[in-house]
Amino acid sequence: MELTKKEFIAVFKKRLNQKYAIDVSDACNSELYGTLCSLVKSSYSAVWRQTWKDFVKEHDKQTYYFSIEYLPGKLLKSNLLNMGWYDLVNSAFEDLGLDLNAIAAVEPDMALGNGGLGRLASDFMDSLASEGYPVNGNGIRYKYGLFKQRFVNGYQVELPDEWLNSDGGNAWEIRRASKSVLVRIGGHVRLVQEKNYLKPVYEDATLIRAVPYDVGMVGYHNNHVNTLRLWSAEIPESEESKYPTIEDRRQVEDITAVLYPDDSNESGRLLRLKQEYFFVSAGIQSIIRHYKKYGSPIDQISQEVAIHINDTHPAMCVAEFMRILLDEEHLSWDTAWNQTVRVMSYTNHTIMSEALETWTVPMLNEIQPRILQIIAEIDHRFVAALAGKVDGGLIERTRIISAGKVHMAHLAIIGSHSTNGVAKLHTDLLKSDVLHDFYTLYPDRFNNKTNGIAVRRWLQIANPRLAKVIDQSIGSDWRQDASQLLKLIDYSTDNSLLDQLGAVKLANKRDLTYLIKQETGITVSPNAIFDVQIKRLHAYKRQLLNLLRIIKLYLDLKQNPDLEIIPRVFIFGAKAAPSYHYAKSIIKCINETANLINHDATIQDKLKVIFLENYGVSLAEKIIPAADVSEQISTASKEASGTSNMKLMLNGALTVATLDGANVEIKQYVGDDNIFIFGLNKQEVYQYYRDHNYHSLDYYHNNPIIHRVVDTLVDGTIPNISAEGHEIYDSLTYLNDEFFVLRDFEDYLRVQDKVDETYRDQHKWNKMSLINIAKASYFSADETVKRYAETIWHVKQLSEKGDMNVKYPL
Ligand code: GPW
């Protein structure tokens, strides 16, 4: 039944009245928001229930995607779009004199993740539902999401993200107390021999109640709703008396209180380990409980269940699954192990050694002694099985426990049937270098799954103007099949379309101009090149390289104010981990440089530097559509994939890139002429490591431009950065510039000159932009998840996409 605008308006008014006892004319945006969410949620609930019933009825194999981070951002618009309600609601609100954008803005960003890893998990959730796969997410419902970033005197200051207390609250979650499970933490364990198994006897353990909060993941036009299940820690009713004081209670609630704000950096804290075990145990228990309810034999669970380990944070899935099969289901070790390896699969997201998680044996013992026992037994059997067959050094390097440390990546690889990297280059590096030893042991387990992005969110929702222009040329089918975007290539000589692309970009830049003015007070011109670097602040991502070039341009203009350059607005968005001193120093230096340049009259409008506060999903949706240039300038080999590179090209930005992560594949797709590549490649970086022959001081001393630019960090040219400037100066000089910033500087300048030259020819620029938009379709997450589903998890598609007869009644 087709929903009409008139019906919608009537029902909306009625619900507003019931919920808030108010009329449209008196309602504020958060009341309007609450009402719309409640209609949306009650409408998709029936479909959600049905999707679940279908899973159960068919005994279809299901996948559970375990991730310690999810970064969905706001869900209202994407739910409306996926349900087929978007245009109708938009137009109904216009009739009512309401602004859907303003109402949608009430929703707090669900920021239960740091960056790329968490956003990837959320893009995957959208695509998995949209492709009709029976795949549910499993994670943590942090009371406080990623900190809010403010700048005070140019310094990053962190404020708590109390998203659950905001006006919007969490409109999407459903607390399912009846599905709670108990998680055992700490204490001691001994094993008692029973007839056919070893029975663990626990003493002094703490029982934590894990309560699930479910969020519907609505598929695009296919009547399919999956579940994102987020766990929250509470005190079990039976244990209340053990927690007489607020302090005692807090011990438990703290487990799911805050998201660790470190990106790619293992923190080694006991509470983090507790979080990991907590959501792993809760998730695995509920999966097995559900599986058993329908009477299927436990020793064949791998036929109906797949579990994905998103980076090593949930690697204890392997041991927890074994624990239940052994201790509660009394399977033999071999049967249990066989099932576990078939069920589990693992994605590696980094080669950075500081991010490869290890825990000490005493720490694991403190969190869950039985889990440590099981890991020790896995390790023991791994060593025994290889002894005498392969070189002893290889065994030592690959075993799980060595020198008192538990290597979580080793546990994940040994305990699963699939290990994948997230871009071709990254997977090759895993095989040839970082995980080479494992590759020699298990060559068949390694595979690549290049990351992808949610095309509907990052094009339709973030950039409706561009979506409209695309619709008018190639039609609207790209929403279900991104490869349709390739048809745009046929329009690469269509001047009218190219002009329209230019007009869309200009309009988006104008919007961002207003936002910049509002947020920073700085006026920028939409006619300048908008040069964007948005990602976590990390030394390897080299925001510093970008900054040094900005300083170079500033010096050039100071020396010659009449210098003809194409005006540029440099836009940064980046949070630094609160404990990452060096990254925070870079933020301070960028902010002070911005302050200097933006208020220097001699620079006029030729150069502006804008560092927007509190970068996150919602801000990304505003910046990306307005970007001309996408900065993807990490040191080759360090960025596993990157995903903002894909989002920016999809929105028509041209990429300035090193041959790192997925940039390599972008270059292959768009061709050498439609991307700006510079810098060392992976082989060259590795050669420097091998030969120890990089000497950054040589670049500093021998290149007068580099010398002059680097000196500004310490000579007072940039005010108020005395300590930070010295810290960075030292890193580039005496500490030998770990990430080859000085080595790549000249080539970076060269390629940026090429960007300027190309931009002068707007026609050519727009054509390159068009090709980038078209080829970005190769990075559709819809396609990426299909490859996971077909080749790793072996789950079937349950509903077809493109069912326009969507069943979302009011
Ligand atoms: F260290 N990534 C991230 F591998 O955002 F765990 N956080 C993390 O903690 C890690 C990786 C981890 C990112 C990668 O840096 C980025 O290159 C990649 O595109 C993204 O994960 C998604 O795969």
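From which domains does the shell around the ligand draw at least three residues each? In this predicted model, the shell takes at least three residues from domain 1 (59-74 + 109-451) and at least three from domain 2 (455-681 + 746-779). There are 19 residues around the ligand, and those that come nearest are Gly116, Leu117, Ser264, His349 and Thr350. Sorted by class, the residues of this shell are eleven polar, five nonpolar and three charged.

Domain 1 puts 40 residues into the contact, and domain 2 puts in 32 residues. On the side of domain 1 that touches domain 2, the elements giving two or more residues are the strands β2 (70-73), β5 (145-152) and β6 (155-161), together with the helices α6 (116-130) and α15 (424-434). β5 gives the most to that side, with five residues. The class counts for this side of domain 1 are 16 polar, 14 nonpolar and ten charged residues.

A modified position comes from the record. UniProt, in an unreviewed entry, lists Lys647 under "modified residue: N6-(pyridoxal phosphate)lysine". Lys647 is part of helix α23 (residues 644-650). Is Lys647 buried or exposed? Lys647 counts as buried because it has 30 C-beta neighbours inside 10 Å, where 20 or more are required. Setting aside neighbours within four places in sequence, Lys647 is in contact with Ile453, Trp458 and Ile624.

The loop between β23 (629-632) and α23 holds Ser637. Ser637 has a phi near 95°, which is positive although the residue is not a glycine. Ser637 is buried, because 26 other C-beta atoms lie within 10 Å.

Another residue with a positive phi that is not a glycine is Ala403, at about 50°. Ala403 sits in the loop between β16 (401-402) and β17 (405-407). With 9 C-beta neighbours inside 10 Å, Ala403 counts as exposed, the limit for that class being 12 or fewer.

Helix α21 (residues 581-598) has 18 residues, and from its first C-alpha to its last it reaches 26 Å, close to the 26 Å expected at 1.5 Å a residue. α21 is mostly covered, with 13 of its 18 residues buried.

Notes:
Residues are numbered from 1 along each chain as its sequence is written. This is a predicted model: local features need pLDDT of at least 70, side-chain atom pairs count only at pLDDT 80 or more; totals for chains, interfaces and linings use all residues. A residue is near a molecule or strand if its C-beta atom, placed from the backbone, lies within 6 Å of it. Ala, Val, Leu, Ile, Met, Phe, Trp, Tyr, Cys and Pro count as nonpolar, Asp, Glu, Lys and Arg as charged, and the others, Gly among them, as polar. Domain bounds come from an automatic or database domain assignment. Helices (H or I, at least four residues) and strands (E, at least two) are DSSP runs, numbered from the N terminus. The expected span of a helix is 1.5 Å times one less than its number of residues. Two residues are in contact if their C-beta atoms, placed from the backbone, lie within 7 Å. UniProt positions are given in the numbering used here, feature names are shortened, and annotations may be inferred rather than shown by experiment.
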